[in-house]
Structure formats: structure tokens, C-alpha cells
Amino acid sequence: MRQCVALLMAAGSGVRLGGEVPKQYRDLAGVPMLRRSIEALSARPAIDAVQVVIGAGQTELYAAATAGLDLLPPVLGGATRQESVRRGLEALLDEPPALVLVHDGARPFASPDLIGRVITALAEAEAVLPVVPVVDTLKRLDEAGSVADEVPREALARAQTPQGFRFATLLAAHRRHAGVACTDDAGVVALDGVAVQTVLGEEENFKVTTESDLWRAEALLAGQPRRWVTGTGFDVHAFAAGRRLVLCGIEVPHERGLAGHSDADVALHAVTDALFGAMADGDIGSHFPPSDPQWKDASSDRFLRYAVDRLTARGGRLEHVDLTIIGERPKIGPYRDAMRRSLARIAGLRVEAVGVKATTTERLGFCGREEGLAAQAAVTVSLPA
Ligand code: MG
């Protein structure tokens, strides 16, 4: 039985921040905000599963933002946030958890400590709300915008998410008060007289709403320590008649292609293996066994994208690729820039961060005898420290 499920609210269509996509799909330091919000929760061992509620027309954005993550199928939200939460809860009914955390898709900085405080408090409470104190002096204004009086702030607090609930309590409240507008889920259960326990929230767990929030979020991420890791990869394929020659995802005219189970793109294989090496995460053969028929004639960009997704899922970022293709013919020079562009596109890099070099072996060895091509790659990646 599932003990605790996290429900991520990402159904908003707001583009207040500008850009072409709803804010929860905007990138923060190269990773979609929603993915960061999801991973803050999915990385906690106490959370058994994560389900995201998305808006109409967001299926493709969602798929791109969550590639490689192990999530429950997304649920389509309703006209209001409240309706969206209720739909999310109803979707969990086939395997109802004991506890549910409801979190904003635009709060990417919920810390492990904060999430732990909410879950721990749920051992005693039916509903738990993280709050931060109000530090500014509060004034009530009249209609003309002048100060009418001061509002004592001692008894006031700002509500955050994740808010935690006994699943049955929250679902019952949402069903009973479906038409009553509340701004958050603590407000919905309060309508049933449920006591809401507060725990200390965090200033860094702010909701990214305005353009200045976006800058603040980028600055926070830029300040987080990262470690730099290098991976290397090497691959060889033999020439064979009747095959296309594919290098870095583009077809290169030549009288023979390379033999292999997939499209035999020796260059992409070396880069992919370098990425697995940087993550200390097996190798291309362990992730894509040649014995598996589904990889027969597969386009090798899938292998590289898969490795990049695994890196992204760890909070990592591919920073640079340095590739050397080894062989006498075909000459690589005329295709170098097309290869760099193709490799950059597949790996999600700027072209300037992709180097493609070529060398011969002075006619020595199997490459010198034109029996095949070799490729070696070094990748630089950065990971959260
Ligand atoms: Mg290979």
C-alpha cells in the first residue's frame, strides 16, 4: 500500500512571466521549473509516488519536462486550482495512499528538511501547513490608497506548500466543498473544522510568480555548488557493404557504411558511453543490450538522448563534448560543422560546446586498412555537489 503520494499542481496556463510556455515549464538554469519541483519531492524516500495535474494542451510540454522520471500518469486539471486538486485526488483512488502532499509546480526549492517536517507532523495531525513569518509591517489601505490603520502581524503568517493531509480527510473536504472558492487546500479542510497544524516553512521555498522571482531562482541555482566530472568513451565498428554511413546523426556519402545492430553511429556511441562514464552508470551495452531486438537498426540519437535524460534526472548538465573520429576515409572536414550542429541538437548543447575532430592512423592498423572506423569522446558534465 502506498503510504504517501505527492500531488504536483501544474495545470496553470499563466504566461505572466512572458515567453511562450506556462511558467511551470520555463527553464531554470537549463532544467524546467516543474521538473525541479517534482524532483524535490520524488527524491524523498518517504514519498512513494508522484502524480502531476496538468492543463489542457500541455501533454507534450509535460512529456518533455519529465522525460526519464518515474511518475504516475498525469491527470488533466479543471477550471480552477481547487477542481484540479480534486481531480488529482480522485485519480489516486484505485490505490489510495494514507497521506498526500499537495505542492505547487512553481515551487522548485522545497528542501528535504521542509518536506520531512510536513510528513513528520502528519503522524499527529490531519492537516499540516508550512508557514513563514511576516516580517514587513502591514498596513490596511483605504480606497484612495492612503494608510487607514496598521495590521498587527504577530498572528499572521504566509502559507506555502507542500501542504500535507490524511488522504481521506482532504478528498472528503474537496468533494463536499467543490463549489466554494478557497485559495489553498488547508482552506478547504478548514471548512470541515479540521485543525491545521503549522510547521516552519522556508524563505527559499518561494513560488516563482514574477520576472524578479525568476531572476532570484536563477541566482539561487547559480550559487549552489556543483562538481565537474569528465567521462570518456571509445567505440569501433567495421565497414560493411550495403549500409548507410551515419556519423553524429547525419548521413555521410561513402561507398560503405558501418556494420552493427543499430544504425552503427560510432560517433554517437562513443559520446553516449562517455556520458555513462561521467555518471558511473554502466555502459551503452548494459543499457541497450545488442541481444534486444527493439534496438535493431535503431537510430542512435535515442541512445544519446536517453543518457542525457538520465544526467538531467540527477540534476546534472552536459557542458561540453570533444569527439575524435579515427579513420582514413571518408574525409570528415566537409561534414564537420553539420556533425557539430546535429550532435548539439541531439544532446541539447550550443554548437560552440561541441568539438568534432578527425585523424587518420597513418595507414596503420584496422583503421589504416579501412576495415572500419573508431571514435573516442570526452564529455564534461556538471552535477550538484
Ligand atoms: Mg557501438
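A quick word on the source. This is a predicted model, in which local features need pLDDT of at least 70 and side-chain atom pairs count only at pLDDT 80 or more, while totals for chains, interfaces and linings use all residues. Residues are numbered from 1 along each chain as its sequence is written, and side-chain values use heavy atoms, with hydrogens and water left out.

So which protein donors does the magnesium ion have? They are D235 through OD, H237 through NE2 and H269 through ND1, at 2.1 to 2.3 Å from the ion. Donors are N, O and S atoms within 2.8 Å of the metal (3.2 Å for Na, K and Ca), and water is not among the atoms, so sites may look incomplete. Along the sequence, the spacing of these donor residues reads D-x1-H-x31-H. D235 is buried as well, with a relative accessible area of 18%.

Now let's step back to the whole chain. It has 12 helices and 19 strands; these are DSSP runs, H or I over at least four residues for helices and E over at least two for strands, numbered from the N terminus. The C-alpha trace spans about 85 × 50 × 35 Å along its principal axes. Of the 385 residues, 49% count as buried. Taking contacts between residues at least 6 apart in sequence, 71% join residues at least 24 apart, where contact means heavy atoms within 4.5 Å.

H269 takes us to the helices. It is one of the residues of α8 that meet α10, along with L268, V271, T272, L275, F276 and M279. On the α10 side are D301, F303, L304, Y306, A307, V308, R310 and L311. By class, this contact has 11 nonpolar, two polar and two charged residues. For the classes, Ala, Val, Leu, Ile, Met, Phe, Trp, Tyr, Cys and Pro count as nonpolar, Asp, Glu, Lys and Arg as charged, and the others, Gly among them, as polar.

How do the two helices sit? The axes of α8 (residues 266-279) and α10 (residues 301-313) come within 9 Å and cross at roughly 20°. That makes α8 roughly parallel to α10.

Helix α10 has another partner: its axis and that of α11 (residues 336-347) come within 9 Å and cross at roughly 45°. That makes α10 oblique to α11. Here D301, L304, R305 and V308 of α10 make the contact with L343, R345, I346 and A347 of α11. This contact has five nonpolar, no polar and three charged residues.

R35, in helix α1 (residues 33-42), is buried at 2% relative accessibility. Leaving out residues up to four places away in sequence, R35 touches A65, T66, A67, L69, D309, T312 and A313. D185 lies in helix α6 (residues 185-190) and is buried, with a relative accessible area of 2%. Beyond four places in sequence, its contacts include R81, V85 and H174.

And is P73 buried or exposed? P73 is exposed, at 60% relative accessible area, and sits in the loop between α2 (59-65) and β5 (75-76).

Terms used
Axes fitted to C-alpha atoms, helices over the stretch in contact; angles between N-to-C directions. Parallel < 35°, antiparallel > 145°, perpendicular 65-115°, else oblique. Buried < 20%, exposed > 50% of the residue type's maximum accessible area, 1.4 Å probe, protein only.
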